[in-house]
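Keep the structure open while you read.

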Amino acid sequence: MGKKKAKDPNHLGFGRLMLWKSSDISAGWVNVIMLTYLSIYASDYLGLDVGLVGVILFASKLMDGLVDFFIGWLVDNTSTPWGKARPYEICIVGQTLATLALFLAGPDWAYAAKVGWVFGMYVLTFSVFGSLRAVPMSAYMIRHFSNNPVLIRKVSSYGGIITTAGSMVVSATFPALVELLSSGALGWAGPVAIFMVPAALFGVLRFVFCKEDPEVDNTSVQQKVRFREIFSMFQKNPYVWLYAIVMLCYNVITGLGGASYYFKYIVGNMGMAGTLSVFSIVLLPVMLLFPWVMKKLGSMGKMISLFCVIGTVGYVICFLSGGFLPGVLGGYLLGQFATLPLAYYGTLFLMNVCTYNEMKGLPRMDGSANILANFCSNFGGSLGSLLTGLVLMAAGYIEGTGDAIVTQPESALMMIRIDFAIFPAILVVVIGLCCLAFSRLEPRAEAFEAEKRAQYEAEQSAQQG
């Protein structure tokens with residue numbers, strides 16, 4: 001039985017799955033800490049103006065369009081003994097260590113030094129190391145799993161459970177560690193180091209053990225990608241824009257960072273923010289049903305659109321619950337139905353986008369197809385932070401320094417509730433509409449790929465005959 005499974009091209013071993021997801025787990029730890037807690041660290045520990053924090057993070061993304069454009073072009077024209085996309089995976093080490101470095105700043109630093117340090121380390125984490133790792137990731141996944149859609153769906157679903165569980169470890173324990181350790185000599189750097197040092201070591205396992213399948217490039221005509229073809233893709237391929245809008249909205253939601261403020265000032269205990277992740281454990285078995293639901297509905301886009309309806313209802317429940325913890329937890333759980341698939345199905349979106357490129361007579365552009373979506377992902381995270389900073393500043397939010405206790409005005413408390421629940425609800429509606437439109441491509445792309453593979457296999461048989 002074991003030998004038969006090993007020969008099955010659709011078989012996904014647990015060991016192989018864990019090696020592949022090692023890097024995603026490390027990146028997930030970075031995202032939880034940076035997107036959820038950086039804003040409150042900068043405003044309530046470093047004493048930076050909450051609006052300025054949003055501007056700092058937003059400004060760091062102005063360069064991402066050019067950076068991501070260049071990286072996508074670079075990946076499409078990369079050819080090394082290690083493969084096309086695999087060499088860039090080593091950047092996970094730089095991403096984790098830059099995250100740790102950011103939290104080395106202390107409240108006694110000069111104001112300008114704190115601003116410059118937060119800006120510089122944030123740029124290194126996301127705009128440099130993050131982009132170098134993220135843009136090639138789909139191309140890497142397609143090549144490691146031999147462009148097999150069944151395997152990639154399994155990795156996205158089952159691997160999503162692993163990544164989510166890994167992120168929950170940080171979400172559940174990091175707030176309590178901050179409460180316990182942040183007043184010590186190391187400040188926030190202590191609890192951050194507890195996760196970032198092992199993340200740097202664990203994250204390299206994918207690079208070391210997960211090779212690319214060179215046969216993947218044989219089924220498509222490979223050619224050098226020129227900048228004009230990338231611009232042509234932006235003009236001819238509407239689905240690259242739909243996916244980019246989806247990722248923009250998703251990352252605005254994750255970048256808002258409203259949970260830390262909500263639990264500190266509405267619930268009354270920031271350490272309780274970890275209960276969101278503990279409570280979300282019940283979603284892990286549900287993720288096993290994603291492939292089945294996708295099959296029943298006929299497409300990934302339709303599945304996500306349905307979940308967006310559930311998610312919108314959930315976020316409204318969160319807002320109406322106020323400080324009532326059971327209502328907040330239940331509403332948040334429903335809200336995750338909308339966003340959870342987006343964290344792990346990006347490669348399936350991009351496979352269809354690349355296939356549409358071929359259908360239009362363009363190169364596949366496995367690297368360049370991710371340029372716009374990756375830019376929107378990075379930009380969206382910072383846009384979320386900017387939005388949070390600006391609306392809280394407008395609502396009269398009062399910053400603190402170190403361990404100072406601050407009482408917020410009612411206007412700021414109401415804006416924290418809106419930021420945590422109403423903004424995500426609106427964005428989830430936009431995601432649902434875009435995914436519904438994207439679903440029109442999926443059956444056409446699948447038929448095109450099946451025809452292309454059949455033609456390649458027929459040519460191979462003729463040559464061998």
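Phenylalanine 231 and phenylalanine 234 sit three residues apart in helix H11 (residues 227-236), so about one helical turn separates them. In general, an α-helix has 3.6 residues a turn, so residues three or four places apart point the same way. Bear in mind that this is a predicted model.

How do the two rings meet? The centres of phenylalanine 231 and phenylalanine 234 are 6.5 Å apart and their planes are at 80 degrees, so this pair is edge-to-face. As for cover, phenylalanine 231 is partly exposed, at 46% relative accessibility, while phenylalanine 234 is buried at 17%.

## Rings elsewhere

Searching the whole structure turns up 29 aromatic pairs. There's also a cluster, linked by ring pairs, made up of Trp29, Tyr37, Tyr41, Tyr45, Phe103, Phe174, Trp188 and Phe195.

## Helix H12

Now for H12, which covers residues 238-255. Most of H12 is covered, with 13 of its 18 residues buried.

Check the two ends as well. At the start of H12, asparagine 237 has a side-chain oxygen within 3.0 Å of the backbone nitrogen of tyrosine 239. Following H12 comes glycine 257, with a positive phi near 65 degrees.

Methionine 393 belongs to helix H20 (residues 371-394) and is partly exposed, with a relative accessible area of 39%.

Technical notes
Residues numbered from 1 in each chain as written. Predicted model: local features only at pLDDT ≥ 70, side-chain atom pairs only at ≥ 80, totals over all residues. Heavy atoms only, no water. Helix = DSSP H or I, 4+ residues; strand = E, 2+ residues; numbered from the N terminus. Expected span 1.5 Å × (residues − 1). Buried < 20%, exposed > 50% of the residue type's maximum accessible area, 1.4 Å probe, protein only. Polar contact = N/O pair within 3.5 Å; in protein donor to acceptor, adjacent residues only side chain to side chain. Phe/Tyr/Trp six-rings, centres within 6.5 Å; stacked < 30°, edge-to-face > 60°.
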